[in-house]
Amino acid sequence: MKPQRNGSSPLSQLSRLRVSSPIVRAGLRARARVLEPPPRQVPVLRRPSSPVQATDVDVAGRTLIKASGSNRSNTLRDSNHQAHPFPEPSSLHTLHSGLFSSGTTGSDTSSPLPLSLSAARPTPTPTPSPTSAHPEPESASNLDYPSSVGQYLISPILPSYPISPRCCLSLPRRPSPKHPMAFSTYSTASSDISTPRSISPSTSISARSSHSSVSSKRLSLSLQRRQSSLNPMSSVDIGAIEEQMKMASLDGLRGYAQNHYGEVHQYRTTDYVAQSSAGGYQILREPLWNKGLSFTPDERVSKNLTGLIPHAMESVETQVARCMKVINTRQTGIDKYLYLSSLKASNIDLFYRVLIDNVRELMPLVYTPTIGDVCLQYSMLYTRPEALYISIKQRKSIRTILRNWPYPDPEICVVTDGSRILGLGDLGVNGVGISIGKLALYTGAAGIHPGKTLPIVLDSGTNNETNLKDPLYLGLRARRPSPAVAQEFMDEFMEAAAEVFPNMLVQFEDFETEKAFNYLSRYRNKYRCFNDDIQGTGAVVLAGYIGAVNLSGVPVEEQRLVFMGAGSAGVGVAKQMVEYYTRRGLSEQAAKEKFWLVDTKGLVTLDRGDKLAEHKKYFARADNNGHQFRTLEEVIEYVRPSALVGLTATFGVFTESVVRALKASVDAGGAGRRPILFPLSNPLTKAECTFEQAVQWTEGSVIFASGSPFAPFAVKAGDHAVTYYPNQGNNVYVFPGLGLGAILAKASQITDEMVYTSAASLAESLNAEEVHKGLIYPHIDRVRDASVVVAREVMKAARREGVSTLPEEQWVEWEEWGDVALTKFIKERIYDPLK
């Protein structure tokens with residue numbers, strides 16, 4: 001039932017709608033679509049204090065203006081001063097009910113559109129017909145019009161709506177210098193003005209009503225739907241079309257054959273100036289030769305540097321202090337990395353001096369975790385080349401590309417195809433940042449000369465949609481080829497590298513799991529190579545585990561390990577640990593049975609029902625009696641492990657319930673036992689749990705090691721605080737020393753014995769202070785000392801394995817004088833800049 005309206009005023013129905021009512025606007029638009037008139041000129045509303053003019057809107061939508069006063073001329077002039085015949089009253093439509101609020105002439109200062117209304121003489125409200133849903137319109141001939149032309153009606157063209165009593169709208173005359181227009185024009189687009197619910201002389205035209213606001217929104221939605229139904233493009237996904245067009249514009253290889261490869265033929269060799277004959281800017285612009293403000297007066301004269309650098313000589317300490325001050329003013333890790341990168345591009349000696357002297361602060365910037373962010377943004381951050389970029393499109397020109405490297409006879413290269421960078425996935429050519437960062441640590445942590453390092457990225461495309469859609473992406477804008485084609489590409493690279501640089505050691509980095517195991521197995525006995533993700537990670541974790549077992553109080557025969565993560569790193573680490581147990585008298589089968597591997601589908605078993613990857617089969621359990629364990633909590637409850645290792649690249653996998661279950665299983669074995677917890681995924685955002693969480697959830701008994709650095713954590717105990725120190729199981733403790741030892745021993749290949757020895761020697765490199773603190777790795781400040789120890793033991797292992805190609809008399813001398821002579825030999829060949 002409709003609500004009863006206030007009938008005390010003949011204009012009661014006029015309060016139902018406003019000038020800006022969506023109903024009126026909808027009707028006007030509907031009428032306009034039928035008649036297709038010219039665009040309507042909206043009348044300008046002015047203050048009612050000005051002399052008024054009568055206005056009307058004719059059928060064509062024109063605003064008509066009649067001169068004010070008693071002038072009875074039968075013509076009207078529109079807003080463009082064009083004359084029109086004065087319409088007879090019978091030809092005019094009456095007002096829609098509720099078009100204007102009734103009231104006395106005047107304006108409300110609170111209204112955004114001040115209007116002046118002149119009431120017409122009332123007429124009776126029409127009585128609705130019993131057979132009609134709406135009252136029939138009253139005949140225009142029966143209506144009494146105002147005698148004053150100045151009170152002429154504005155009549156909206158809405159014949160389908162019921163007739164209401166009339167009202168008159170008074171408007172000021174056209175703007176003139178004497179009567180300037182002081183406020184904005186009326187806009188039919190506005191929907192903010194709501195309709196008053198009852199008549200009151202004080203009703204403001206800007207008063208709001210929540211009921212009419214909701215109605216306006218519903219009507220607006222209805223109008224949008226009606227307009228959409230009439231628009232043939234309304235059902236078309238324009239965004240998807242634009243995205244397809246963007247992708248098409250980026251795909252420069254569309255339509256071309258993808259299996260034809262040309263060979264690059266260079267017509268000249270690059271002539272490089274020898275350092276001994278270089279001078280002036282030739283020296284300053286070569287980062288390997290530039291010493292900045294460390295040039296002596298004689299060098300400045302002999303190399304024509306006078307006036308090219310400031311007339312000042314600074315100590316190394318002053319230059320390092322300046323660099324650190326600049327770094328400390330930078331706000332983000334990326335900004336600090338970019339400064340260090342620019343420093344390396346201008347003065348390599350100073351860069352490595354800063355890194356070596358401040359390794360604790362700067363290693364997280366040069367490598368994890370910052371290097372992960374750098375790889376994600378490499379194409380955007382790119383300013384200059386720092387590596388060799390070998391595209392599969394130029395696979396027949398790999399030897400030419402290698403020979404273009406400006407520094408002769410590199411001793412070690414780090415190569416990646418960007419298919420699995422840290423825990424960040426397929427980054428394509430952006431993964432070259434990991435090769436650059438890794439080699440910076442070979443120099444900073446082990447002293448391999450920077451001129452003897454070579455970062456390489458093999459660009460065979462990417463399956464990363466973000467990169468493919470990025471117009472700034474620097475790599476091949478194509479999906480990765482089949483494994484067979486990728487294998488051919490890798491074969492060609494290894495063959496070319498061995499031919500061009502026969503003494504170069506190749507380290508594989510961040511290949512996806514299947515390729516990582518395949519390439520290592522395929523090339524390890526033919527070329528000088530190793531995989532840091534498999535062998536390096538396994539060695540560094542094994543080194544930490546050796547120390548952790550000694551601190552845990554759990555006997556070796558009772559140790560049981562659960563690995564969360566069964567990829568290349570997880571399986572590689574587990575295999576290294578198997579060797580730890582076989583060297584202590586266990587058979588390989590007995591050692592293997594100490595490991596339970598868990599992946600995203602649960603415990604890895606032979607009867608799980610899915611097709612296992614080849615590398616997982618070695619550790620797949622067959623003793624589960626048909627029972628499948630789907631969650632990590634179920635596996636811990638079943639296994640009752642003493643150690644939990646995480647290599648999932650998924651933050652938060654080690655929940656509080658998981659860690660407390662680990663502690664409970666260890667405590668059940670007896671007092672004084674400590675759980676071993678290694679969340680090893682990089683970067684920090686991928687760590688399975690934090691150090692603080694591990695300490696709190698185990699009441700401080702945990703033996704903890706992570707892949708990226710965590711800060712010490714202090715816990716208040718009464719009047720004092722207990723500080724717990726985390727361990728960082730970073731590969732930087734192993735791969736630099738392993739690489740250095742292999743290079744100095746001139747090893748023809750990297751054997752398992754050499755890798756295991758690197759782990760065992762690292763575990764023995766701790767000093768008394770570190771042991772006292774309960775650490776299982778040396779302080780990162782001592783990473784160079786640890787690398788010397790690792791390199792020495794790796795060289796000795798290469799000698800035992802028969803893969804060292806050093807002269808026999810050299811080994812005879814070292815075997816006579818022992819570690820002192822060999823250590824001296826190593827330190828004499830370590831790069832130590834500006835010393």
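How many aromatic pairs does the structure hold? There are 23 of them, counting rings of Phe, Tyr and Trp (its six-membered ring) whose centres lie within 6.5 Å. Before the close-ups, note that this is a predicted model, in which local features need pLDDT of at least 70, side-chain atom pairs count only at pLDDT 80 or more, and totals for chains, interfaces and linings use all residues. Residues are numbered from 1 along each chain as its sequence is written, and side-chain values use heavy atoms, with hydrogens and water left out.

**View A. Phe-351 and Tyr-352 make an aromatic pair.** Their ring centres sit 4.7 Å apart with 80 degrees between the planes, which is edge-to-face (over 60 degrees; under 30 is stacked, and the rest are tilted). Phe-351 is buried, at a relative accessible area of 3%, and Tyr-352 is buried too, at 4%. Here buried is under 20% relative accessible area, exposed is over 50%, and partly exposed is in between (1.4 Å probe, protein chains only).

**View B. Seven names, one aromatic cluster: Tyr-545, Phe-563, Tyr-580, Tyr-581, Phe-595, Tyr-618 and Phe-619.**

**View C. Two arginines sit over tyrosine rings.** The charged end of Arg-285 is 4.4 Å from the ring centre of Tyr-281. For Arg-583 over Tyr-756, that distance is 3.9 Å. To count, NZ of Lys or CZ of Arg must be within 6 Å of the ring centre and within 35 degrees of the ring normal.

**View D. Asn-430 is tucked into a loop, buried at 2% relative accessibility.** The loop runs between strand 8 (412-416) and helix 13 (432-446); helices (H or I, at least four residues) and strands (E, at least two) are DSSP runs, numbered from the N terminus. Leaving aside residues up to four places away in sequence, Asn-430 touches Cys-375, Leu-376, Tyr-378, Ser-379, Asn-467 and Tyr-473, where contact means heavy atoms within 4.5 Å.

**View E. Helix 23 (residues 735-744) is mostly covered.** Of its 10 residues, 10 are buried, including Phe-735, Leu-738, Leu-740 and Ile-743. After helix 23 comes Lys-746, with a positive phi near 50 degrees.

**View F. Met-233 lies in the loop between helix 2 (210-230) and helix 3 (238-250).** Why does Met-233 count as partly exposed? Because its relative accessibility is 45%, between the cut-offs of 20% and 50%.
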